Amino acid sequence: MSAIQTPAARELPPARPRWQVIVIRPETMTLVLLILALFGASLLSPYFLDVGYILRSFTLSAEFAIVALVLTMVIIAGEIDLSPAANMALSACLFAFAQQAGVPMPLAIAIGLFAGLVMGAINGFMVIRLQIPSIIVTIGTLTLYRGLAQVIAGDKSIRVPDWFIGINTVLIAGIPLTVLIFIVMSVILGVVLSMTIFGRQIYQIGTNEVAARHAGIRSQRIKMSLFLLMGLVSAVAGLMTASRLGSVRYDLGLGGELQMVLMAMLGGTYIFGGRGTILGTFLAAWLLVIVSTGMTVANVLPAVQLVVLGVLLIVSIIATNFIYSRTQR
Amino acid sequence: MTDTTPLISARGISKHFAAIEVLRDVDLDLQRGEIHALLGENGAGKSTFAKILAGVHRPSRGTLTLNGEPVEILNPIVAQKLGITLIHQEPISFPDLSVAENLVLGRGDGGWFARVPWAEMTRNARALMDLLGVRIDVTRPMRGLSIADQQMVEIARALASDSRLIIMDEPTAPLTPKEVETLFGIARRLRDEGRTIVFISHRLEEVRALCDRVTIFRDGNKIATDTIGNLTDADIIRLMIGRPLKEFRHKARAQIGDVALKVEGLTLPGVFHDISFEVRKGEIVGLGGLVGAGRTDVARAIFGVAPATSGTVTVAGKRVSITEPAQAIDLGLAFVPEDRAAAGIFRTLSVEENISAAVPKQVAPAGFIQRAVEKALAQESVRKLSIKLASLRQPIGELSGGNQQKAILARWLLTDPSVLILDEPTRGIDIGVKAEFYDMIGDLAASGRAILLISSELPELLALCDRILVMSEGRLTADIARADATQETIMSAAVPRTARAGVAA
């Protein structure tokens, strides 16, 4: 009735060749786009062949880029934080308000940083203790923090002391200080994420939080520390922005959360968590700066620039999803 | 009965997923008015074949004829129109819709904006339930129903679309014996009406009680089809595994030592009550009972995943309070959870990383991961447990279920636990690998570890355990010594004594 065959041993699918593992990943796409963007931009304007010009352009986005590095870790852990730009504004406003009211500068700076930490703690508390989805929490606090900044600062600019101004013009070995901070942060966080147990556990939580808890990983503690770090780094970025602009208004960094998310996504961070690298976000930050500066040099209307960034974001998300679905089951 | 054309004839059905052939040239005829069992190990191809009949998968090669006419079953909707219904083990339904609404799902009569004929729908639903002889209020949402009742609703759905072929994929696993009897009664009536029923099960005694013919699958091939009366249990097992099954080795009795884990009066209201027991070093204690009796919840409470609200846990003579798994691990406890995909593996991460997940201090004494140490640990585990893989760096999701489970066990062995809680460790694993697991569990006990083994498979409990605890409806109902343990003593303690509300009469 039926041919009885000796069943062949079920063969395992072969492992992917090593070169594929290394090459086929979202960061490669970011790198290729970066090279293309550099090439295209240098056709538009010879300025783009000048490293100094690119570095100066980068100072305009460096604060967002720094926060985007931490945001990358938050997203890999399976959460999101949309409040950092508002956090930057509120901590900068508190700092500026305090020093204007006569508080000594070191204390005013400490107030700004502490405020950022508290804002991160509020986000973390609601996400981790009250179990509210982080996207809802941080949309709420994004509005709240920005609103508080406006309450404190009104709609006027608060000046900061002259000596505090111009962190972006301080050059160390020809590199603006803010850019240098970004590069150093990238290296540190890159090492933390890829080489330490803390980093490893961030990926594990983002991949499967239930399994992580069962394996004895203290996921709540790790997530809380990420939200705290996010708050603190946002405040630092807020003060850096205040220094660059020379004054603080409630609308400092307005809309910055989208640029940060864009950098993370463009760098191949997976929006559902568990995948992504600091290297990707690092490359994406440069890509974004070159694309937007390039468009400005080419006299592309701001509205059209926005369209291009939107398209870039969508394309990057699709490409990332595609690559992950093809290479990992 | 005069018409002898089979209801469905399958010829040369093959199916592959990617490069892996899961079904090879299957020829099978299903007659009208028969209950036909599909048997085989996990992964033998029986479920794939059933899903091809139901339009869930499309065959890579081969033809199907229905009543002598060639048909192409493109998708489940086509299958339903042809009169083929697949009843899932865990019924797929819309829990917030009423029973009556669930009954008419997928039957898009009328347009998008057609009026919903509520009264008629309810009337028809009641009629169907009466036909089946089950008392379910059809206006209630599905959410509150027992699994047995949800299955009845699925069967009613099959009747509503006048299905001629009803496929039941392991329907009895979550049911109590009484519910199983009800289900069988209905299945027999449907057969007597001339419908065909395909019954997929692992339980030979059920197949024997219910089915007319059996077809046995092994490694994607159809091995044999015969009338149930012509085959002995030993024949069936031999055909299923292709070799005589060596008797499960009654493990060498380990030296039983001090109490390693003691639980007293553990209670989580509404889930389990007043649970007390102890497990000694070298002892394998079974925890049996029906699905939903609260066994997994007790394990989760001990391990700190969802702690109990009262009661005490004592580990190695010391009273402890465990509120999260990390503490349990520090105390030398390990827990292999039942749901591997949800609570065990990190699907997209490497095998290596999955194996080392619970021992960060071993792979990174100073916080920085020592790749060489990790690799050595993982390689050693792979060798010891003979895990089959292509590379340590491949995502664990690419491994077979049995090898994933071995990797999870390997993870816990690295923590060198003194108490090991195994929750359905062999679920979804081929018989061959199962035997390896049994040997491993025996060896682990022999090396002085205390083992709490939760299992729904009675032969597994009987073969491995020194003592068997039984839970029913959140309470411990028996503590049976190995000498007194039989399938009957375990089952009689597992079956709830008070009829639950909502259980099919």
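1. In this predicted model, Pro70(B) of β5(B) is the bridge partner of Thr65(B). The pair belongs to the antiparallel arrangement of β4(B) with strand β5 (residues 69-71) of chain B, which are joined by three bridges. Two residues lie between β4(B) and β5(B), and the two strands form a hairpin. Asn67(B), in the turn, has a positive phi of about 55 degrees.

2. Strand β4 (residues 61-66) of chain B also runs antiparallel to strand β1 (residues 8-17) of chain B, with five bridges joining them. Within β4(B), Leu66(B) is the residue that stands opposite Ile8(B).

3. The domain assignment divides chain B into domain 1 (8-241), domain 2 (246-332 + 417-505) and domain 3 (342-416). Taken over C-alpha atoms, the centres of domain 1 and domain 3 of chain B are separated by 38 Å.

4. Chain B contains an open sheet of four strands, in the order β12-β11-β14-β15, with antiparallel pairing. Its edges are formed by β12 (272-280) and β15 (318-320) of chain B, each of which pairs on one side only. From one strand to the next, the twist averages 20 degrees. Strand β14 (residues 310-315) of chain B pairs with β15(B) over three bridges in the antiparallel sense. Here Arg319(B), in β15(B), stands opposite Thr314(B).

5. Strands β16(B) and β17(B) run parallel and are joined by four bridges; Leu422(B), in β17(B), stands opposite Val336(B).

6. Between the chains, 42 residues of chain B are in contact with 28 residues of chain A. On the side of chain B that touches chain A, β10 (221-227), α10 (325-330) and α11 (340-344) of chain B each supply at least two residues. The largest share, five residues, comes from β10(B). By residue class, this side of chain B divides into 23 nonpolar, nine polar and ten charged residues.

7. Two further non-glycine residues with positive phi should be noted. Asn299(A) has a phi of about 60 degrees and is found in the loop between α13 (278-297) and α14 (302-327) of chain A. Asn299(A) counts as exposed because it has 7 C-beta neighbours inside 10 Å. Asp416(B) has a positive phi of about 50 degrees and lies in the loop between α15 (401-414) and β17 (419-423) of chain B. With 11 other C-beta atoms within 10 Å, Asp416(B) is likewise exposed, since the cut-off for that class is 12 or fewer.

Methods. Residues are numbered from 1 along each chain as its sequence is written. Chains are lettered from A and ligands numbered from 1 in the order in which they are written. This is a predicted model: local features need pLDDT of at least 70, side-chain atom pairs count only at pLDDT 80 or more; totals for chains, interfaces and linings use all residues. Two strands pair if DSSP finds at least two bridges between them. Axes are lines fitted to C-alpha atoms, for helices over the stretch in contact, and angles run from 0 to 180 degrees between N-to-C directions. Domain bounds come from an automatic or database domain assignment. Two residues are in contact if their C-beta atoms, placed from the backbone, lie within 7 Å. Ala, Val, Leu, Ile, Met, Phe, Trp, Tyr, Cys and Pro count as nonpolar, Asp, Glu, Lys and Arg as charged, and the others, Gly among them, as polar. A residue is buried if 20 or more other C-beta atoms lie within 10 Å of its own, exposed if 12 or fewer, and partly exposed in between; C-beta atoms are placed from the backbone.
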